[in-house]
Each structure stands twice: as structure tokens, then as C-alpha cells.
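Work through the exercises below with the model at hand. Each task is followed by a stepwise solution.

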Amino acid sequence: MVPSFRKFVGMVLLVVFVVIYALVAMVIGDITLQNASSVVRLIYFAIAGLIWVVPAGAIIWWMEKGGKNRT
């Protein structure tokens, strides 16, 4: 795959993933934590706010993997 096309596809995947992930994390947090304390909500949203980095890093790694010339 051409590196510039790979980066374009990766960028689109990354944006779509982050938007969907944020919406799903908000819905899950809202539905399951309605009666929870503020501390539990804070912990959930702090963890949910950091977990997206792992799959996003994998997408970025995939984008950069094909961009370097191998000699």
C-alpha cells in the first residue's frame, strides 16, 4: 500500500474510532453509573479516557510501518 494512502486511511480510521469510542464510553458510563458515587464515576471516566490510547497507538504504528524505505 502506498504510504500516503496508508496515512489517509489511518487518519480516517483514527477519527472514526475516537468518535465512536467516546460515544460508547459515555453511554456505558451513563447507563451503568447512574447511582454510583462521584469518586467511582471519576475513576471510570479517567480510565475510559486513557484506554483509547492503546488502539490509537496501534493505528498510528500501522500508518508509519509502511512509510519507511527498506534497503
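**Exercises on helix packing**

Helices here are DSSP runs (H or I, at least four residues), numbered from the N terminus; contact means heavy atoms within 4.5 Å. The model is predicted: local features need pLDDT of at least 70, side-chain atom pairs count only at pLDDT 80 or more, and totals for chains, interfaces and linings use all residues. Residues are numbered from 1 along each chain as its sequence is written, and side-chain values use heavy atoms, with hydrogens and water left out.

**Exercise 1.** Determine where the buried residues of H3 fall around its axis.

*Solution.* Step 1: the buried residues are Ala56, Ile59 and Met63. Step 2: viewed down the axis of H3, they fall within an arc of 60° (taken from the directions from the helix axis to the C-beta atoms), so they line one face of the helix. Step 3: exposed Val54 and Trp61 sit on the face of H3 turned away from its buried side. Step 4: the cover over the buried residues of H3 includes helix H1 (3-32).

**Exercise 2.** Describe how H1 and H3 are oriented and which kinds of residue form their contact.

*Solution.* Step 1: axes are lines fitted to C-alpha atoms, for helices over the stretch in contact, with angles from 0 to 180 degrees between N-to-C directions. Step 2: the two axes come within 8 Å and cross at roughly 170°. Step 3: H1 and H3 are therefore roughly antiparallel, a label for angles over 145 degrees. Step 4: the residues of this contact divide into 11 nonpolar, 1 polar and 4 charged. Ala, Val, Leu, Ile, Met, Phe, Trp, Tyr, Cys and Pro count as nonpolar, Asp, Glu, Lys and Arg as charged, and the others, Gly among them, as polar.

**Exercise 3.** Is Phe17 buried, partly exposed or exposed, and what is it in contact with?

*Solution.* Step 1: Phe17 lies in helix H1. Step 2: its relative accessibility is 23%, so Phe17 counts as partly exposed. Step 3: beyond neighbours within four places in sequence, Phe17 is in contact with Trp52, Pro55, Ala56 and Ile59. Step 4: Phe17 and Pro55 are 38 residues apart in sequence and 8.7 Å apart in space, C-alpha to C-alpha.

Note on methods. Buried means under 20% relative accessible area, exposed over 50%, partly exposed in between (1.4 Å probe, protein chains only). Helices (H or I, at least four residues) and strands (E, at least two) are DSSP runs, numbered from the N terminus. Angles under 35 degrees count as roughly parallel, over 145 as roughly antiparallel, 65 to 115 as roughly perpendicular and the rest as oblique.
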